[in-house]
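User: I'd like to learn how to read the features of a structure like this one. Can you walk me through it?

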Amino acid sequence: MTAPINSDAVYFAPLLPWQTALWAQLTSRVLTPPHQLPHALLAAGTSGLGKRAFVWRLVAWLLCRERETHLRGACGVCESCQWLKSGTHPSLAVLPQQQMPIAIDSQDTALKTRDKKSKSSKASTETLQRIKVDDIRELQPFIYQGGQGLRICVLEHAETMTVAASNALLKTLEEPQSQVHVILISDHPAQILPTIKSRVQQLPLYRIETRLALDYVTTALGGVVNHERVSSDEIAQLLTLAEGAPMAAIGLAQSDWYGKRALWLTTWQALRAHKRSSTAASDYWQSQLDIDAFIALSELMLTDIQRLVLGLNMRQTDLDMSAIKDSMLPDTLSIADFAQKMQQIKAARLQNVQDKFAYDSLMQALSVL
Ligand SMILES: [Zn+2]
């Protein structure tokens, strides 16, 4: 049982426009005989699709006492809705236990934006606690207690289950209990055991009509990115870079680093041409962005550099890459080296390696990319 950060934003938020058909389909399945919803559901897909928003909204509605007359979402006033608001619902179990329901999928971005300079917030999102076999065992009394009324288990970041935890959950999934629903949420479904995936029904939350996504992102940004009017092409680019996930596209546009992509290219060029030392570049960028943001920026840039090397079109069509194309492109080996360096620094960050040290070594690597 977990207390949400803000229950209105989690359980009672408006339905996202691309989820209306799925919502209508699921709710009518529950309300018409034989009143069946699959016992196990999986909300999977890249971060920023609105998976969590949909799941928590569905959880609230399934538990709501007034759902028959509130087809569009939980009533917000019945006993069940009150329990959700106070974070004490006896029929809802959430794993991992410290996991707070967050409505928006791009919680990494949200955390970074809210708390740019805090290392601990970033570290805590990276070191998500794994779901262990004991956690699944502790769920058993809740699942097998019997009695009246619906009970729901939500497993957040389901891919963090250990193998033992997955096997324990598998047993539960193989003996579905009436009135019990298990809902898995995952940004990385490829890491979930296939045996688990074969026992859950995947919610098609990843199918988003492009027009709806474009409209949603445009409205959310008020047509402005980095204090400038943004064209529909730029919105389309944001969505492409975010793998089609609207909330991730919004997070990208609002990040403190998206507007510094051209600057990154300039630095890289200057480093390669030995017009700038890596320590000078490091000092400059430390005054611009924290290292986590710089790594996010570098990862994005590297994907497009890799595309150029492979002879593919760049996804960032707003950047002038002619200078890079004219000079020598890096080979695939040095791209792999740089990518590995970023991974090493990310890992070192969890051990509280200092920003300056991380920046210095990354700039050194960038100068030989
Ligand atoms: Zn209610």
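**Rings, cores and a sheet**

Analyst: Let's start with a charge and a ring: the charged end of R57 sits over the ring of W23, 4.6 Å from its centre. Keep in mind that this is a predicted model. A second case is R67, whose charged end lies over the ring of W61 at 5.6 Å from the ring centre.

User: How many aromatic pairs does the structure hold?

Analyst: There are nine aromatic pairs. Take W23 and F54: their ring centres are 5.8 Å apart and the planes meet at 85°, so this pair is edge-to-face, as planes over 60 degrees apart count that way. The two residues come from distant parts of the chain, with W23 in helix α2 (residues 20–31) and F54 in helix α3 (residues 51–63), 31 residues apart.

User: Are W23 and F54 buried or exposed?

Analyst: Buried means under 20% relative accessible area. W23 has 5%, so it is buried, and F54 is buried too, with 0%.

User: What kind of pair do W264 and W268 make?

Analyst: A tilted one: the ring centres are 5.8 Å apart and the planes are at 40°. Both residues sit in helix α13 (residues 261–272), and because they are four residues apart there, about one helical turn separates them. W264 is buried, with a relative accessible area of 0%, and W268 is buried with 0% as well.

User: Which residues do ring pairs link into a cluster?

Analyst: Y284, W285, F294 and Y359.

User: Let's move to the nonpolar cores. Which residues in the largest one touch the most other members?

Analyst: That core has 58 residues, and W257, W264, F294 and L366 touch the most other members. Several elements give two or more residues to this core, among them α13, α14 (278–286) and α18 (355–367). The element that gives the most is α15, with 11 residues. For a look at one member, take W257: setting aside its neighbours within four places in sequence, W257 is in contact with L252, L289, A293, A296, L297 and L300. Apart from this core lies another, of 33 residues, which includes Y11, F54, V55 and L92.

User: Now the strands. What's the general idea, and in what order do they come in this sheet?

Analyst: Strands of a sheet pair through backbone hydrogen bonds, either parallel or antiparallel. Here five strands form an open sheet in the order β2-β3-β4-β1-β5, and the pairing is parallel. At the edges stand β2 (92–95) and β5 (201–202); each has a single partner strand, so one side of each has no neighbour in the sheet.

User: How many bridges join β2 to β3?

Analyst: Four bridges join β2 to strand β3 (residues 151–155), and the two run parallel.

User: Last one: where does P189 lie, and which residues is P189 in contact with, leaving aside its neighbours within four places in sequence?

Analyst: P189 lies in the loop between β4 (180–186) and α9 (194–197). With those sequence neighbours left aside, P189 is in contact with A44, G45 and K197. G45 shows how sequence and space can tell separate stories: P189 and G45 are 144 residues apart in sequence, yet their C-alpha atoms are 6.8 Å apart in space.

Methods. Residues are numbered from 1 along each chain as its sequence is written. This is a predicted model: local features need pLDDT of at least 70, side-chain atom pairs count only at pLDDT 80 or more; totals for chains, interfaces and linings use all residues. Side-chain values use heavy atoms; hydrogens and water are left out. Contact means heavy atoms within 4.5 Å. Rings of Phe, Tyr and Trp (its six-membered ring) pair if their centres lie within 6.5 Å; planes under 30 degrees apart count as stacked, over 60 as edge-to-face and the rest as tilted. Buried means under 20% relative accessible area, exposed over 50%, partly exposed in between (1.4 Å probe, protein chains only). A charge sits over a ring if NZ of Lys or CZ of Arg is within 6 Å of the ring centre and within 35 degrees of the ring normal. A nonpolar core is a set of buried Ala, Val, Leu, Ile, Met, Phe, Trp, Tyr and Cys residues joined through side-chain atoms within 4.5 Å. Two strands pair if DSSP finds at least two bridges between them.
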